[in-house]
Amino acid sequence: MSVALETKGLTKDYRSPVKEPGLWGGVKALFDRKYKDTRAVDGVSFSIQEGELVGFLGANGAGKTTTLKMLSGLLTPTSGEAVALGHVPWKRESEFQKKISLVMGQRTQLWWEIPAYETFRLNQAIYGISESDFRRNLDELVDLLELGDHLTVPVKKLSLGQRMRAEMAAALLHQPRLLLLDEPTIGLDVVMQKKVRDFIRDYAKRRKATVLLTSHNMGDVVELCSRVIVIERGAIVFDGPLKRVVERYAPHRVIRADFEREVPARELESIGRVRECGETRAVIEVPRREVSARAADLLSRFPVADLTVEETPIEEVVREIFRGGPA
Ligand SMILES: Nc1ncnc2c1ncn2[C@@H]1O[C@H](COP(=O)(O)OP(=O)(O)OP(=O)(O)O)[C@@H](O)[C@H]1O
Ligand SMILES: [Mg+2]
């Protein structure tokens, strides 16, 4: 296995003009412009092997899109290094462009007024795809993405789901080995989300492609990624298996207990935080590390009939990350 993508200390500051308030501030700014730098990405380092599917997670404004833009060569970093498939992305070598694709769910690369097929033909020329490869790839994509006749009507007449699939096809026609996907399922209904996900998984497997994807849709992450990288305020705070995210972002586990007779909620508070308490049932939240000690305590001091210990569902954990929750 070789490394597909590697970054070291990747950093990006955005420079924006500061305007003093009022009319005079505006006039002054014309002559004496002041700038403010915002650090959007702050020393990001990671390494992704060929063929890996990695989720890139973080709250709004954490720096995900900025990172993907640098990795695809759209933005030049303020400092730091990156190598993607043997290239420095922001040198924008044509050999590099042929091997990667950045798909942004919120932005279209298709021409609005003309059928997607025409854009594909344009891309064929840009990427130097031979006629036979073009036909073979297009047939495969039309089939996998169920594009049917959608490619021959002007893009503006397509539904969002149809457009998004055409978008995917446009991005994959040149068979990139590295896919950078920024919110690939945004705005799609559940059925369409599943189709796009299945497609990404299939494509990656068939082509042994590497995928780095951001999403606010936990379904995408849970279904596609076994590894996740979590970014907070521009810096990486977690990089590892999806399963381990749970330990990090869900510091509690939940004990569910049935009792032989009624137990007052007040007395259960010595075990942990009581989330729910019925007459003979209770749900208690306890610190992850102390779960066995607390469960033993519960068993010895209360008339327990049945007891289960539950893991926080991964969906909840991912939701917590998006909120910029505890770490
Ligand atoms: N062109 C820009 N000029 C100035 N600041 C920017 C620019 N683009 C992004 N930023 C700022 O950089 C930070 C990171 O933004 P970025 O778009 O990378 O976040 P994100 O993780 O993709 O968020 P979201 O989940 O909302 O898409 C934010 O504080 C944002 O306001
Ligand atoms: Mg973004």
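E183 is partly exposed: 19 other C-beta atoms lie within 10 Å. Here buried means 20 or more other C-beta atoms within 10 Å of the residue's own, exposed means 12 or fewer, and partly exposed is in between, with C-beta atoms placed from the backbone. The model is predicted; local features need pLDDT of at least 70, side-chain atom pairs count only at pLDDT 80 or more, and totals for chains, interfaces and linings use all residues. Residues are numbered from 1 along each chain as its sequence is written, while chains are lettered from A and ligands numbered from 1 in the order in which they are written.

**Positive phi**
- E183 has phi near 55°, a positive value in a residue other than glycine.
- E183 sits in the loop between β6 (178–182) and α7 (190–207); helices (H or I, at least four residues) and strands (E, at least two) are DSSP runs, numbered from the N terminus.
- R233 is not a glycine either, yet its phi is positive, about 40°.
- The loop between β8 (227–232) and β9 (235–241) holds R233.
- R233 counts as partly exposed, with 15 C-beta neighbours inside 10 Å.

**Ligand 1**
- Y14, S16, T38, A40, G58, N60, G61, A62, G63, K64, T65 and T66 surround ligand 1 (C-beta atom, placed from the backbone, within 6 Å of the molecule).
- β1 (3–18), β2 (34–49) and α2 (64–72) each give two or more residues to this shell.
- α2 supplies the largest share, three residues.
- By class, the shell has three nonpolar, eight polar and one charged residues (nonpolar: Ala, Val, Leu, Ile, Met, Phe, Trp, Tyr, Cys and Pro; charged: Asp, Glu, Lys and Arg; polar: the others, Gly among them).

**Domains**
- The protein chain is assigned domain 1 (3–247) and domain 2 (252–310); the bounds come from an automatic or database domain assignment.
- Their C-alpha centres lie 46 Å apart.
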